[in-house]
Amino acid sequence: MSVQEEGEKRWEEMSNDNNNGGAGHPIDWAATAWTHLSTLRQRAPLIQCITNFVSMDLMANTLLAAGASPAMIHSLEEIPDFTPCTDALCINIGTLTPSWLPAMKAAAEAANRSQRPWVLDPVAIGASGFRMRACLDLLGLRPTVIRGNASEIIALSGYSIGPTKGADSVHKSTDAVEAAQSLARASGSIIAVSGAVDIITDGKRVVGAGNGVPLMQKITATGCSVTALVAAFVAVDPEHAFEATASALSIFGVSGEIGMDVAKGPASLRTNLIDTLHGLDQETVLKRVNIYNFP
């Protein structure tokens, strides 16, 4: 069976099992984002990250700055004991190898059994059949949230493999709205598309988070790190994963905006972003969060 045929079969199976959505009531997004961040700081959720070698440092420091507790544990032997004790799981396939896949699958299964949310980052999924098949396997384990750039979400929605720029997107986030909605309806996951405007959808509702600065794209692992932050926000409000995901993306973007005020380039922005995230206060969040219904 080809990757495309395998993908079509799995999406059909998943779509039959999911009826996602609901327009809901108007949301005070700034207040919601602050509630999520302040609750995270109070609870300090434990977030297990099975991630790539490039992102471990920034991902762990982002979680610490926000108030969460990171655990970069990927050994298959530790999964049965450790994963059920976490508050959420983040799986990132950036430097994927066959030896890591069993641990990823076992951790996702353990999270499901323990009723813990988990988040998938399908880095460069369109680059190879190996990556696509790995993600299809993980999708069968029903992630709570999938966060990727536009090219990754389009590739995953269409189970397509082709020329890529590695982990960089060749599409704008707004190009992926329909693909994200389709993927959300089929998988039952909240879909987040990072870009100049971050797109978040549950298949019916679509919002945009307009915070952030372009220079953040010049810092490796910012996308991976915001995925981990999404996991932390969802950990403290798993019943409202859509709202928690949008809040995390906006808070990360606000941190980048403020950090940019004193940054001299990507390296100093990286440091300032983490410092800003650590020090964000209610007044700043209420003033700067920019989440809105997407047309």
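**Figure 1. Helices H7 and H8 cross.** The axes of helix H7 (residues 150-158) and helix H8 (residues 177-187) come within 9 Å and cross at roughly 50 degrees. H7 is therefore oblique to H8 (angles under 35 degrees count as roughly parallel, over 145 as roughly antiparallel, 65 to 115 as roughly perpendicular, the rest as oblique). H7 contributes Ile-153, Ile-154, Leu-156 and Ser-157 to the contact, and H8 contributes Ala-179, Ala-180, Ser-182 and Leu-183 (contact: heavy atoms within 4.5 Å). The crossing is left-handed (near helix turned anticlockwise from the far one by less than a right angle; right-handed if clockwise). Axes are lines fitted to C-alpha atoms, for helices over the stretch in contact, with angles from 0 to 180 degrees between N-to-C directions. The model is predicted: local features need pLDDT of at least 70, side-chain atom pairs count only at pLDDT 80 or more, and totals for chains, interfaces and linings use all residues. Residues are numbered from 1 along each chain as its sequence is written, and side-chain values use heavy atoms, without hydrogens and water.

**Figure 2. Helices H3 and H11 pack together.** Their axes lie 7 Å apart, at an angle of about 25 degrees. H3 is thus roughly parallel to H11. The crossing of H3 and H11 is right-handed. From H3, Asp-57, Leu-58, Asn-61, Thr-62, Ala-65 and Ala-66 take part. They meet Arg-270, Ile-274, Leu-277 and His-278 in H11. Helices (H or I, at least four residues) and strands (E, at least two) are DSSP runs, numbered from the N terminus.

**Figure 3. Phe-53 and Trp-100 form an aromatic pair.** The ring centres of Phe-53 and Trp-100 are 5.3 Å apart and the planes stand at 65 degrees, so the pair is edge-to-face. Rings of Phe, Tyr and Trp (its six-membered ring) pair if their centres lie within 6.5 Å; planes under 30 degrees apart count as stacked, over 60 as edge-to-face and the rest as tilted. Phe-53 sits in the loop between strand S1 (46-50) and helix H3 (56-66). Trp-100 sits in the loop between strand S3 (88-92) and helix H5 (101-113), 47 residues apart from Phe-53. Phe-53 is exposed, at 54% relative accessible area, whereas Trp-100 is buried, at 11% (buried: under 20%; exposed: over 50%; partly exposed: in between; 1.4 Å probe, protein chains only).

**Figure 4. Helix H6 is largely enclosed by the rest of the structure.** Eight of the 11 residues of H6 (residues 129-139) are buried. Among them are Arg-131, Met-132, Cys-135 and Leu-139.
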